[in-house]
Amino acid sequence: MEPEVYEDELTLEDILHIFKKRFWWFFLTVVITVAITITYLFLTTPIYEASVTLKIESQQSSSISDIFTSQISSSRPEISTEVELIKSRTNIEKVVDDLNLVEYFKNKSEYSKTEITKQDVIKSLSEMITVSPVKDTNIVKISVQNEDPELAKNIANKLAEVYNEFLKTLSKNEYTVKREFIEEQIPKVENDLKAAEERIRKFKEENKVFLLDEEAKNILSFTLEYDRQINQYNLQLEETKAKVKAFNELLKKVNEKIISSETISTNPFINQLKSKLIDYQVELAGLKNIYPETDPKVKEIKDKIAETEKLLKDEVSKIVTSQVQTINPAYQDIYLQLIESQYNTEVIKSTIEALTKLKNTYNEKFSKLPLLEQQLLELQRDVKVKENLYTLLLEKLEETRIAEAGVIGTAKLIDSAIVPDKPIKPNKKLTAAIGGVLGIFLGILVAFIIEYMDKSIKDEDEIKRMAKGHIVLGRIPTFEMKKEYEKPELIVLNEPVSPVSESIKLTLANINYSTTPSPEVIAITSAGPGEGKTITSANLAISYAQNGLKTLLLDMDMRKPRVEKALGLERFNIGFVNHILKDVPIERITQNYMENLDVIPVGPLPPNPTALLTSKKFGELINQLKEKYDKIVIDLPPILAAADALIVAKHTDGLVLVVRAGKTQKHSLKVALENITTSDNKLLGIVIDDINEKNSGYYYYYYYYYYQDGEKKKRKKSKSK
């Protein structure tokens, strides 16, 4: 079964291993995060929240109905509309003024050195206020957050008060405008009535004419009726104009689009509909003098009037809505009432014109009466008209006063704000819990980031994870190269019974049992330079020789050869390169290093090493050496440095890959394993170099046994003394 090549997939075991390896980074991050959280809790200014609860009720309003006016009533307010109204700039500005908040902020120490404007205070106050509806109810909660609990309470209560007054202003606006207009007209009409009565009294005394004949009475009766109706509609017209003006003034205050009455009056289609409506109304008046109300002709003309009025209302609505680019939902009801008022204005105008036309027909008859009767009739009509108008104004005034007095706000205060005794921010328990959880999360994140940024392989478990399916032949602990030794890298010669030497011997035994039969030609390589392959090759070769096996250490690193230096030999200018290129005999290129151990160095470095290794002579050389030696250890260049290692490995019984903990790069090991697999070379296993108590659990077993044994010997010596 082919061994698996390393894949970038983390298992739960890998994650736990990373976490264990980077535990101190994790712990430090958690401690720092918790410390910052605690510091924040001690240094941050506590914020208090005061709340007011309001119940939003339907606004009740009505207006006087007549033939050509319709009832204007406000629909039940949507809660979202009320939220926008509460937070409107108009209300907040009123709160700022009433509580003198500009001076309050100027006197605060943190703002004393900066210029505070009213706009800054309004903006700051808007950020403090939160208006939220209670789900599935008509209840709205106004919350104010501030570091001063008393100020938070005052702002919340004042905003509720200002909002309620604002609602009353909106509700009373229609009736207030009507009342003010009527109160203004009554004294004028009263004076005109007195003057008219005085004129008719003098006329009768001077001309001795006191009664009118029947024809004059009829003319007077009809003209008085038309005058009465015209006066009534004129009054209604002035009321609707006043309402239009009031609505526009209200919209102007909140920076909304103002719709001028002239915009509607000058519209040609509006004028065409009004002319048609006047003609229909005059025609209806004529038909009523001849036919009863149930007659088809009367019904037909009434239908035409109704249809024309509908077209007129639709056209007014189109003009208003086309002028408004965006309608704020908080002021949509005002626009609807404005449309209704504009439409009523146009209908009343057309009605007045129709009545004026009808009155003019009787004025023609009036001109044919005798002069004295004309004058008396004119004076009596003037008195009657002013009497009717004066009576009408008094009735309207009482009705309007009653309606205005009955208007109440649409918000009912449920709970007033009180001074909060505990801050809402920061929530110490919650913030501490969040800080702890955040610390754990950041700690894990930091651990994985450091793991990701660290490209070197740190421990044995990571090597096993990357080289799944390949056995670990040996683990060589870190050892100190002592200067007192002539050849400090040859630990097997210098300290043959040390833990390091024993680990090398154990590695040797594992290599021998890695295949059946035992491998004779062993190639030693690494992923990159400086990972200990040459030291491992030399010590393994010496171990074979110490075991009584005739061994050859063959240096085939034709880039940076190090075998001679590691063995303490002088640079030998003759090596296997000379044998292949110049047929130098094997005996001349071979050096005896110690009993059972020969060394063949590289010799002069060739210009094209790959050509040498692929030559026929190289294969013949390996075959000759196999016949002469029991074991051949070949020191190869790193796999990623050249293709030499993979070429030479074809002539061996297998490769041994040396990996140095803390030095070998993850990517390098991955590529090296992939190259070995791709080239179809046999990998006997991996030797881990430079292990210690941090990167391998086996380190403990090596040293425990060694030091325990040493301690026992010391005790025996002390007892014998």
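Is the crossing of α4 and α6 left-handed or right-handed? The crossing of α4 and α6 is right-handed; a crossing is called right-handed if the near helix is turned clockwise from the far one by less than a right angle, and left-handed if anticlockwise. The structure is a predicted model, in which local features need pLDDT of at least 70 and side-chain atom pairs count only at pLDDT 80 or more, while totals for chains, interfaces and linings use all residues. Residues are numbered from 1 along each chain as its sequence is written, and side-chain values use heavy atoms, with hydrogens and water left out.

**Overall composition**

- The protein contains 26 helices and 12 strands; these are DSSP runs numbered from the N terminus, with helices (H or I) of at least four residues and strands (E) of at least two.
- Of the 721 residues in the protein, 48% are buried, where buried means under 20% relative accessible area, exposed means over 50%, and partly exposed lies in between (1.4 Å probe, protein chains only).
- Among contacts between residues at least 6 apart in sequence, 81% join residues at least 24 apart; a contact means heavy atoms within 4.5 Å.

**Helix packing**

- Two packed helices are described by the angle between their axes and the distance between the axes.
- The axes of α4 (residues 89–99) and α6 (residues 118–128) come within 10 Å and cross at roughly 110°. Axes are lines fitted to C-alpha atoms, for helices over the stretch in contact, and angles run from 0 to 180 degrees between N-to-C directions.
- Helices α4 and α6 are therefore roughly perpendicular to each other. Angles of 65 to 115 degrees count as roughly perpendicular, those under 35 as roughly parallel, those over 145 as roughly antiparallel, and the rest as oblique.
- On the α4 side, the contact is made by Arg 89, Ile 92, Glu 93, Val 95, Val 96 and Asp 97. On the α6 side, Lys 118, Gln 119, Val 121, Ile 122, Leu 125 and Ser 126 take part.
- By class, the contact of α4 with α6 has six nonpolar, two polar and four charged residues. Here Ala, Val, Leu, Ile, Met, Phe, Trp, Tyr, Cys and Pro count as nonpolar, Asp, Glu, Lys and Arg as charged, and the others, Gly among them, as polar.
- The axes of α2 (residues 23–43) and α14 (residues 428–453) come within 8 Å and cross at roughly 150°, and these two helices are therefore roughly antiparallel.
- Helix α2 passes α14 in a right-handed crossing, and the residues of this contact divide into 13 nonpolar, eight polar and one charged.

**Nonpolar cores**

- In soluble globular proteins, nonpolar side chains tend to be buried together.
- The largest nonpolar core has 47 residues; such a core is a set of buried Ala, Val, Leu, Ile, Met, Phe, Trp, Tyr and Cys residues joined through side-chain atoms within 4.5 Å.
- Within this core, Leu 554, Met 556, Phe 576, Leu 625, Ile 634, Leu 636 and Leu 657 touch the most other members.
- A second, separate core of 34 residues includes Val 52, Ile 92, Leu 151 and Val 162.

**Individual buried residues**

- Thr 507 is found in helix α17 (residues 499–512) and is buried, with a relative accessible area of 0%. Leaving aside neighbours within four places in sequence, Thr 507 is in contact with Leu 473, Gly 474, Arg 475, Ile 476, Leu 540 and Val 687.
- Leu 655 lies in strand β11 (residues 654–660) and counts as buried at 0% relative accessibility. Leu 655 and Ala 523 are 132 residues apart in sequence, yet 4.8 Å apart in space, C-alpha to C-alpha.
- Asn 578 lies in helix α20 (residues 576–582) and, at 11% relative accessibility, counts as buried.

**Backbone features**

- The peptide bond from Thr 516 to Pro 517 is cis, with omega near -5°, and Pro 517 is in the loop between α17 and β6 (521–526).
- Asp 680 has a phi near 60°, a positive value in a residue other than glycine. Asp 680 lies in the loop between α25 (666–678) and β12 (683–691) and counts as exposed at 61% relative accessibility.
- Asp 690 has a phi near 65°, also positive in a residue other than glycine. Asp 690 is found in strand β12 and counts as buried at 18% relative accessibility.
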